[in-house]
Amino acid sequence: MSKKQQQHTEAEVLRAASDARTTMLLDAPFFGSLACRLKLVADPACPTAWTDGEHIGVNPDWFMALNDAQRQGLIAHETMHVASGHCW
């Protein structure tokens, strides 16, 4: 990616995140089923990603720069914060 950040639409980001969750559902059903309970949010104000126990928010440009495996890993990571009770 060039030094200038690309602008990605919210629809592109949410589709990529949804695709990552779907792959997780098939490859790692435990994490995928937990992740599917969290609403996805494109949040350009966030530097990377976050969760509040109900949502997973990602910075659109940062998230789209990740490859598929990294996106799945990120969603699993944020999901485990919720599963471990780190949001409360």
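In which helix is the place of Thr 79? Thr 79 sits in helix H4, residues 68-83. Helices here are DSSP runs of H or I with at least four residues, strands are E runs of at least two, and both are numbered from the N terminus.

First, the ground rules. This is a predicted model, in which local features need pLDDT of at least 70 and side-chain atom pairs count only at pLDDT 80 or more, while totals for chains, interfaces and linings use all residues. Residues are numbered from 1 along each chain as its sequence is written, and side-chain values use heavy atoms, with hydrogens and water left out.

Now the overall fold. The protein chain has 4 helices and 3 strands. Along the sequence they follow the pattern α-α-β-β-β-α-α. The radius of gyration, taken over C-alpha atoms, is 12 Å, which agrees with the value near 12 Å for a compact globule of 88 residues. That globule rule is 2.2 Å times the number of residues to the power 0.38. Along the principal axes, the C-alpha atoms fill a box of roughly 35 × 30 × 20 Å.

Next come the strands. Two strands pair if DSSP finds at least two bridges between them. Strand S1 (residues 39-42) pairs with strand S3 (residues 55-58) in the parallel sense, over 4 bridges. Lys 39 has His 55 of S3 as its bridge partner. Strand S2 (residues 49-51) also pairs with S3, but in the antiparallel sense and over 3 bridges. There, Ala 49 stands opposite Val 58. The hairpin of S2 and S3 has 3 residues between the strands, and Gly 53 in this hairpin takes a positive phi near 95 degrees.

Back to Thr 79. Its relative accessibility is 2%, so Thr 79 counts as buried. Buried means under 20% relative accessible area, exposed over 50%, and partly exposed in between, with a 1.4 Å probe and protein chains only. Of the 88 residues, 36% count as buried. Which residues does Thr 79 contact, leaving aside its neighbours within four places in sequence? They are Phe 31, Leu 34, Ala 35, Leu 38 and Ile 56. Contact means heavy atoms within 4.5 Å. Across the chain, residues 24 or more positions apart account for 46% of the contacts with a separation of 6 or more.

Last, the surface. The accessible surface comes to about 5,500 Å², and 55% of it belongs to carbon and sulfur atoms. Accessible areas come from the Shrake-Rupley method with a 1.4 Å probe; for residues, only the protein chains shown count as cover.
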